[in-house]
Amino acid sequence: LETDTTLDREQVVKNCQELYDSCSFEKVTLQKQFHKMYLDYSFANPLPSQLKALDASQPWLLYWIGNSLAILDKEWLKEGYQRGILAKIVSISPTGGPFSGGLGQLPHLAATYAAINALALCNNVDEGWGFIDKQEIYQWLLSLKTPNGGFRTCAETGECDTRGVYCALSIASMLDIQTPELCKGSLDFLIKCQTYEGGFGGCPQEDEAHGGYTFCAVASLAILGALDRINVGKLMEWCSARQYNEEKGLSGRSNKLVDGCYSFWVGGTAAILEAYGYGTCINKQSLCQYILQCCQSEERPGLRDKPGAPPDFYHTNYVLLGLAVTKYSFRCSHSALKI
């Protein structure tokens, strides 16, 4: 039976195989200087008008670009860039948080998460870490809590899903404002989001398993010290099933195409499980091959979703994070297991 999905996958497999056949994996390296040009240009020049659709994602742009530079070489996120990141975040939310996606917009959980991560890259330049109003952010997080243990992403109108829980718990963990009051009910919320497939959906007992939601749920459970409360075996099976033999990369859902960003969303989930002693569930060497041979090209700098797709800041960041997953083994210290 042929469908649009099967035809699309056949084309992706063909494109990947052509790249694999064109050169030996051992000879392919990450073109760091080439990708640096892409990132440096974005920090040194106004972004094109086509990116106005990301007006509500300005802290994310800072994080994606800044973190990509830091992954390639920590010295490449230079002090001038760090000051620029701080200045931009202050201009968006001058009170020190919670943070919005752009000037004049409502505070948002995802934007606050991105803003704090971006500031964390800046090595406290100009004492920027002290700019954050932890108490105000804590009270705001409490105001977003829902009776079922979740968090709305925005006051009154925001959605409530595993992404919101992860952003809230990650923010609280980074700012050292995590309390039993804040975490109340969140564990039960997350447990109910694990599907029959083994991965996690966005909402309790409603959604199909998805790579992004799965990372958010598993990272949240790690913060809560409660990975043993879920079916880890089924989760590892699901992560393993996201890697296809032909393409070698990872997909985000059953019967979906590979996508470079899931090198982190699923690969990062696998890394957390490995760190907590559950073993490995993806083939790191194959994933590395997909990233190096299929997610970068000689024609354009930046990393991409798959062959034939253009590069962008989002995929550049998460593909690089996924590449880092393939290069290391992970293990938590005994104290980290009891967070």
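This is a predicted model: local features need pLDDT of at least 70, side-chain atom pairs count only at pLDDT 80 or more; totals for chains, interfaces and linings use all residues.
Visitor: Thanks! So which residue caps the N-terminal end of α11?
Guide: That's N231, with a side-chain oxygen 3.4 Å from the backbone nitrogen of G233.

Visitor: And which residues of α11 are buried?
Guide: In α11, which covers residues 232–241, the buried ones are V232, L235, M236, W238 and C239. Viewed down the axis of α11, they fall within an arc of 160 degrees, so they line one face of the helix.

Visitor: What covers them?
Guide: The cover includes α10 (211–224) and α12 (262–275).

Visitor: Switching topic: at what angle do α3 and α5 pack?
Guide: Helix α3 (residues 58–72) and helix α5 (residues 109–120) pack at about 35 degrees, and their axes are 8 Å apart. The crossing of α3 past α5 is left-handed.

Visitor: Which residues make that contact?
Guide: From α3 you have P59, W60, L62 and Y63. On the α5 side there are A110, A111, Y113, A114, A115, N117 and A118.

Visitor: How many of those are nonpolar, polar or charged?
Guide: Ten are nonpolar, one is polar and none is charged.

Visitor: Last one, α6: what do its buried residues pack against?
Guide: They pack against α5, α7 (162–175) and α8 (180–183). The buried residues of α6 (residues 134–144) are I137, Y138, W140, L141, L142 and L144.

Terms used
Residues are numbered from 1 along each chain as its sequence is written. Side-chain values use heavy atoms; hydrogens and water are left out. Buried means under 20% relative accessible area, exposed over 50%, partly exposed in between (1.4 Å probe, protein chains only). Helices (H or I, at least four residues) and strands (E, at least two) are DSSP runs, numbered from the N terminus. The arc is that of the directions from the helix axis to the C-beta atoms. Contact means heavy atoms within 4.5 Å. A polar contact is a pair of N or O atoms within 3.5 Å; within protein, one must be able to donate a hydrogen and the other to accept it, and residues adjacent in sequence count only if both atoms are side-chain atoms. Axes are lines fitted to C-alpha atoms, for helices over the stretch in contact, and angles run from 0 to 180 degrees between N-to-C directions. A crossing is left-handed if the near helix is turned anticlockwise from the far one by less than a right angle, and right-handed if clockwise. Ala, Val, Leu, Ile, Met, Phe, Trp, Tyr, Cys and Pro count as nonpolar, Asp, Glu, Lys and Arg as charged, and the others, Gly among them, as polar.
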